[in-house]
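Please look through the structure below before reading on.

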Amino acid sequence: MLGCDLGTIFRTTVAGGSYQDGLTVHLQGVPPGMMITEEQIYEDLLLRKPGQGELTSPRREPDIPLIYSGINAADSMPGFSNAYHTNGTPLVILIPNLDRHFEHIEQYQVTNRTPRPGHASYASYQKYDHWDDAIGAGLFSGRYTSTIVAAGAVAKAVLAAKGLEVTAYVKEAAGVVMPEMTIDQIRKKAAAYRRVRKEHDPIWQFVYKAGRIKPGMRFLEKLPVLAEVERMIGRFPAVPMDEENIRKEHGIHPKLFCPDLAAADAMFERIIDIKDAGDSSGGQIEVVATGVPAGMGEPVFKKLDGELGRMLSIGAVKAVEIGAGIKVKDMTGSQNNDPLYVDENNQVRFRSNNAGGITGGLTTGQTVIARLTIKPTPTISKDQETIDKVDRTNTVLKAVTRRDPTLVARIWPVAEAFMSLILLDHLVMHLGYQAMWRR
């Protein structure tokens, strides 16, 4: 299948499907000498995985990643301490599907003749005919975004070593818009949200905190742990969450990462109201990157803002804006331009950032800002007009599969990962491969 890769020098290739045995991430260009752990990758995956409350699908995929290749199995010689570090060869990550029981597959089999409006099911059937991987929508399912998040966890670790940091969050959901906040305030809330989600995640408690999977274990030693997790799905003891205390101590909503608590509460309430009416809602994600050097990007067909537009590849994303975005249509040139000046330290600064940190497809050294507009979840609990795609007759579909009332709550970590992959690829092109990794 074409179209499953991203990047020029730092290359990401993904494979798998919603109800296949699992998904795969293949990364080329990962530098040697990095300590990348499965727990580190999981901490990002748990932010987008389903089965975590009222805002997600009840599918209970643990999303436990397994690093299959790309790291040293032991110290390579006496006196060296390079065990379990990346070695420069392709890094391969497996994400097994564990919650794919037959009763769920049967639900898809019953409804696959009648395409779900808003889904890829009709178009993919036209492309692949009866060979189409239609169980759970295959690679067209939001399930594949776990591969992007896993790859992004690696990319973010590399970017951090070079002083770049990428942060995403829910800016708008179900018509509720959060007020403006500084990126420092947002990142403080993001750190708290990540910590809270991890500490209250039963899979993290069972697998990583208990040391059932840790660096140095062989692949075949990890498989029995996954088999045990699969047997326990639906039976893991919940980790009690004192939501009021979390609100008071951290000022965050424990189930929705909008960094403004009042806005998050209003978003949550509105999302649930729409869900209870049998419908779904959309919203907007903002992604912010700091520490990006000036001059990064390539001309014409590799302009960085054009590359960031590839975030439309994330399922349910219908628009990508950079900087002021669509608001520029209502501005004059004098309002939209970002005036330059030299400060008291002889450093070049800008009075504003309507360009979102990119002009001419190249970075200016300012903060890079992108916003993703997310459509409502197409699977809803209302009758919808559709067809029988085999007999070509009109019919009505009533959704019976598991669904998310909104996708905004799960897409922000995907957006954070996707931007990280693009920025890392362009950073390597900007600095040069050898210079990038030179110590």
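What follows is a walk through selected parts of this structure.

The model is predicted. The neighbours of Ile285 can be read off in groups. Leaving aside residues up to four places away in sequence, isoleucine 285 touches Ala168, Tyr169, Val170 and Lys171, then Ala370, Arg371, Leu372 and Ile374, and finally Val408, Ile411, Trp412 and Ala415.

Strand S6 spans residues 165-173, and threonine 167 is part of it. Threonine 167 has a relative accessible area of 4% and therefore counts as buried, since the cut-off for that term is under 20%. Its side chain makes a polar contact of 2.7 Å with the side chain of arginine 187.

With a relative accessible area of 1%, alanine 173 is buried. Beyond the residues up to four places away in sequence, alanine 173 touches Met267, Ile271, Gly282, Gly283 and Val408. Val408 is also one of the residues touched by isoleucine 285. Alanine 173 and cysteine 258 are separated by 85 residues in sequence, while their C-alpha atoms are 9.1 Å apart in space.

Next comes the packing of a helix. Helix H6 covers residues 202-209, and its buried residues include Ile203, Trp204, Phe206, Val207 and Tyr208. Against which helices do the buried residues of H6 pack? They pack against H1 (38-45), H5 (183-199) and H7 (219-232). After H6 comes glycine 211, with a positive phi near 75°.

Aspartate 44 is buried, its relative accessible area being 9%. Apart from residues up to four places away in sequence, aspartate 44 touches Val149, Ala153, Lys156 and Arg194.

Aspartate 63 has a positive phi of about 55° and lies in the loop between H1 and strand S4 (66-69). Is aspartate 63 buried or exposed? Aspartate 63 has a relative accessible area of 0%, so it is buried. Tyrosine 84 has a positive phi of about 70°, and its place is the loop between S4 and strand S5 (91-96). Tyrosine 84 is partly exposed, with a relative accessible area of 30%.

The last stop is the surface. Leu340, Val342 and Val348 make a nonpolar patch of about 290 Å² there. Valine 348 belongs to strand S11, residues 348-350. The relative accessible area of valine 348 is 52%, and because the term exposed requires over 50%, valine 348 is classed as exposed.

Methods: Residues numbered from 1 in each chain as written. Predicted model: local features only at pLDDT ≥ 70, side-chain atom pairs only at ≥ 80, totals over all residues. Heavy atoms only, no water. Buried < 20%, exposed > 50% of the residue type's maximum accessible area, 1.4 Å probe, protein only. Helix = DSSP H or I, 4+ residues; strand = E, 2+ residues; numbered from the N terminus. Contact = heavy atoms within 4.5 Å. Patch = residues over 30% accessible without salt bridge, like charges linked within 9 Å, V, L, I, M, F, W, Y side chains within 5 Å. Areas by Shrake-Rupley, 256 points an atom, 1.4 Å probe, with all protein chains shown as cover. Salt bridge = Lys/Arg side-chain N within 4 Å of Asp/Glu carboxyl O. Polar contact = N/O pair within 3.5 Å; in protein donor to acceptor, adjacent residues only side chain to side chain.
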